Amino acid sequence: MKILLVGFGVVGKALALLLEGQRAALYARHGFSPALVGVIDSRGAAFDDAGLDPEALLAAKERHGTVGALPSRGLEGVQDVELIAQSDAQVVIEATPTSVACPTAALSRLKAAFRTGKHVVCVNKGPLAVAFPALLELARHNRVELRFSGTVGGGTPMLAFATECTRGSKVRALRAVLNGTTNFILWRMEREGEGFEAALAEATRLGYAERDPSADVDGVDAATKLVILANGVLGRPCSLADVSIAGIREVSREWIDRARGQGRVVKLIAELERGLSVGPREIPADSPLNVPASLNALCVELESGGEMTLVGRGAGGPETATAIVRDLIDVWHAQGGRA
Ligand SMILES: NC(=O)c1ccc[n+]([C@@H]2O[C@H](COP(=O)([O-])OP(=O)(O)OC[C@H]3O[C@@H](n4cnc5c(N)ncnc54)[C@H](OP(=O)(O)O)[C@@H]3O)[C@@H](O)[C@H]2O)c1
């Protein structure tokens with residue numbers, strides 16, 4: 001299977017190494033033989049129909065800041081949409097930064113892939129959060145697959161878990177901790193008695209929070225994941241505009257202390273019941289959603305069948321790359337092992 005990877009950052013690099021490291025096992029277990037025939041970053045691209053060498057890609061990226069500097073395989077200053085359309089790869093992996101304010105470029109790349117008959121594995125939440133129903137429709141129209149398991153829960157298979165739990169059962173509610181950064185901040189506030197700013201500073205120092213943490217602390221990241229769960233698992237067409245969103249900036253020490261006195265904790269909860277919402281909520285301290293540090297958790301409540309919860313790490317390059325490989329294997333099997 002020929003693969004074109006768009007984005008060579010934390011996730012893209014981890015994926016290139018994972019595909020190489022798993023090469024023999026993927027073939028032995030699935031008859032699946034992936035070849036990375038193209039990689040695009042923000043400044044250039046590298047192509048080789050016979051498959052690019054991950055170590056050479058990493059070395060070019062490290063030394064020159066772009067894969068476009070790869071000797072005899074690289075191109076600098078490229079048009080990503082044209083390259084996607086012209087490539088004869090069978091699958092495009094979209095692993096560029098998530099932006100819900102301006103997902104236009106990522107949307108154009110996905111549309112170019114679909115229109116030219118390529119399957120897509122997407123870990124970028126932006127285009128899915130604003131245009132999931134339209135993208136799914138376009139993929140179906142062009143008879144290609146759209147997979148996105150790395151967008152929710154990183155390497156923890158939350159979408160697959162929720163899909164499996166809800167098969168044949170009516171869902172009463174989904175409740176989840178979907179953002180590791182805010183969970184870490186609230187956990188520090190609760191455990192160490194810190195205020196919001198001090199806990200955020202610690203999250204930044206440890207690399208959990210971005211330099212601009214607003215998408216996390218204002219609840220937007222969790223809301224994008226909730227939209228993907230609603231569309232991808234429950235087939236409920238919606239976008240970010242349908243989510244009532246509140247972040248954790250207003251969560252005070254006093255609130256956390258008061259809640260603790262009543263055997264409760266404050267968590268940023270993404271909830272899908274009748275409506276969709278993200279906001280700080282008090283939950284019982286013994287709830288399975290009371291997960292520590294930067295963990296994520298998803299609780300599925302069924303009308304018959306009770307509650308089930310999955311807990312795991314919600315981010316990380318190798319973890320998210322693992323989710324991409326799972327999606328690639330699914331695409332491979334969906335094509336009868338021929339893509
Ligand atoms: N990191 C995680 O743990 C994690 C977990 C789940 C989902 N995700 C999602 O996965 C995606 C990638 O995350 P990441 O951590 O790998 O981000 P990252 O380290 O910032 O890497 C992003 C990559 O995208 C490239 N890029 C930016 N604009 C581009 C364009 N127009 N055309 C081609 N390439 C472009 C960048 O190029 P340069 O290298 O030239 O800057 C960089 O290589 C994001 O959408 C993120 O939300 C990440």
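I began with the sheet: an open sheet of 7 strands, in the order β4-β3-β2-β1-β5-β6-β7, with mixed pairing. I noted its edge strands as β4 (74-76) and β7 (146-147), each of which pairs on one side only. Strands here are DSSP runs of E with at least two residues, helices are DSSP runs of H or I with at least four, and both are numbered from the N terminus. Two strands pair if DSSP finds at least two bridges between them.

I logged the ground rules next. This is a predicted model, where local features need pLDDT of at least 70, side-chain atom pairs count only at pLDDT 80 or more, and totals for chains, interfaces and linings use all residues. Residues are numbered from 1 along each chain as its sequence is written.

**Strand pairs**

I went along the sheet from β1. Strand β1 (residues 2-6) runs parallel to β2, and 5 bridges join the two. I found I3 opposite L36 of β2.

Then I looked at the other neighbour of β2. Strand β3 (residues 44-47) pairs with β2 in the antiparallel sense, over 3 bridges. I40 has A45 in β3 as its bridge partner. β2 and β3 form a hairpin, with 3 residues between them.

I moved on to β4. It runs antiparallel to β3, with 3 bridges joining them. G44 has E76 in β4 as its bridge partner.

Is β2 enclosed or open? I checked burial: 5 of the 6 residues of strand β2 (residues 35-40) are buried, so this strand is largely enclosed by the rest of the structure. A residue is buried if 20 or more other C-beta atoms lie within 10 Å of its own, exposed if 12 or fewer, and partly exposed in between, with C-beta atoms placed from the backbone.

**Domains**

The chain has domain 1 (2-155 + 318-334) and domain 2 (158-314). The bounds come from an automatic or database domain assignment. Taken over C-alpha atoms, the domain centres are 28 Å apart.

How many residues of domain 1 are in contact with domain 2? I read 16 residues of domain 1 against 20 residues of domain 2. Contact means that the C-beta atoms of two residues, placed from the backbone, lie within 7 Å. Helix α6 (residues 125-141) gives the most to the side of domain 1 that touches domain 2, namely 7 residues. That side holds 9 nonpolar, 5 polar and 2 charged residues. The classes are Ala, Val, Leu, Ile, Met, Phe, Trp, Tyr, Cys and Pro as nonpolar, Asp, Glu, Lys and Arg as charged, and the others, Gly among them, as polar.

**Core**

I turned to the largest nonpolar core, which has 101 residues; L5, V39, L226 and L229 touch the most other members. Such a core is a set of buried Ala, Val, Leu, Ile, Met, Phe, Trp, Tyr and Cys residues joined through C-beta atoms within 7 Å. Helix α11 (residues 220-234) gives the most to this core, with 9 residues. Each of domain 1 and domain 2 supplies at least three residues to this core.

I followed L229 out. Leaving aside residues up to four places away in sequence, L229 touches V152, L159, A162, L174 and L272.

**Ligand shell**

I listed the 27 residues around the ligand; G7, G9, V11, S42 and A315 come nearest. The cut-off is a C-beta atom, placed from the backbone, within 6 Å of the molecule. The elements that give two or more residues to this shell are α1 (10-21) and α13 (317-334). α1 gives the most, with 3 residues. By class, I have 10 nonpolar, 13 polar and 4 charged residues in the shell.

**Backbone and loops**

I checked phi last. Most residues other than glycine have a negative phi. R143 has a positive phi, near 55°. R143 sits in the loop between α6 and β7. R143 is exposed, because 9 other C-beta atoms lie within 10 Å.

A293 also has a positive phi, of about 50°, although it is not a glycine. A293 is in the loop between β11 (276-284) and β12 (295-302). It counts as partly exposed, with 13 C-beta neighbours inside 10 Å.

E250 counts as exposed, with 10 C-beta neighbours inside 10 Å. From E250 to D286 I have 36 residues in sequence and 24 Å in space, C-alpha to C-alpha.
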